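Thanks, everyone. Let me put the structure up, and then we'll walk through the fold, the sheet and the core.

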Amino acid sequence: EGVIQNISQSGILFQGPQQLPANALIEMIFEMPEEISGQKNSNVLCQGRLIRVKDAVENVADAYGLAATILDYKFLHKD
């Protein structure tokens with residue numbers, strides 16, 4: 001789990017609970033607004049690669065800064 005700071009079609013900047021190695025492949029799931037997906041409660045599954053990792057901020061939980069490119073995504077439509 002993490003906290004999104006900035007997101008675009010090609011990448012995401014977020015804070016996470018642990019440091020991960022640069023170039024690690026990751027999967028992310030986001031709940032998308034109805035204005036973007038066209039459906040209520042729609043999720044998107046993204047595959048990405050970490051391109052930047054920052055050390056944790058002292059005395060702050062879940063503060064590793066992570067930046068990832070989005071390599072691929074697909075909408076997960078609920079039945």
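One definition before the sheet: two strands pair if DSSP finds at least two bridges between them. Also keep in mind that this is a predicted model.

Start with the fold. The protein chain has one helix and five strands. Along the sequence the pattern reads β-β-β-α-β-β.

Now the sheet. In what order do the five strands of the open sheet lie? The order is β1-β2-β5-β4-β3, and the pairing is antiparallel. On average, neighbouring strands are turned by 35 degrees against each other, direction ignored.

β3 pairs with β4 over eight bridges, in the antiparallel sense. Within that pairing, M28 has C46 of β4 as its bridge partner.

M28 takes us to the core. The largest nonpolar core counts 13 residues, and F14, M28, F30 and L50 have the most contacts inside it. At least two core residues come from each of β2 (11-16), β3 (25-32), β4 (42-54) and β5 (64-76). Which strand gives the largest share? That is β3, with four residues.

What does M28 touch, beyond its neighbours within four places in sequence? Its contacts are I12, V44, L45, C46, G48 and I70.

Last, the chain totals. Of the 79 residues, 29% are buried. The chain exposes about 5,800 Å², with 48% of that from carbon and sulfur atoms. Take contacts between residues at least 6 apart in sequence: 52% join residues at least 24 apart.

Note on methods:
Residues numbered from 1 in each chain as written. Predicted model: local features only at pLDDT ≥ 70, side-chain atom pairs only at ≥ 80, totals over all residues. Heavy atoms only, no water. Core = buried A, V, L, I, M, F, W, Y, C linked by side-chain atoms within 4.5 Å. Buried < 20%, exposed > 50% of the residue type's maximum accessible area, 1.4 Å probe, protein only. Contact = heavy atoms within 4.5 Å. Areas by Shrake-Rupley, 256 points an atom, 1.4 Å probe, with all protein chains shown as cover. Axes fitted to C-alpha atoms, helices over the stretch in contact; angles between N-to-C directions.
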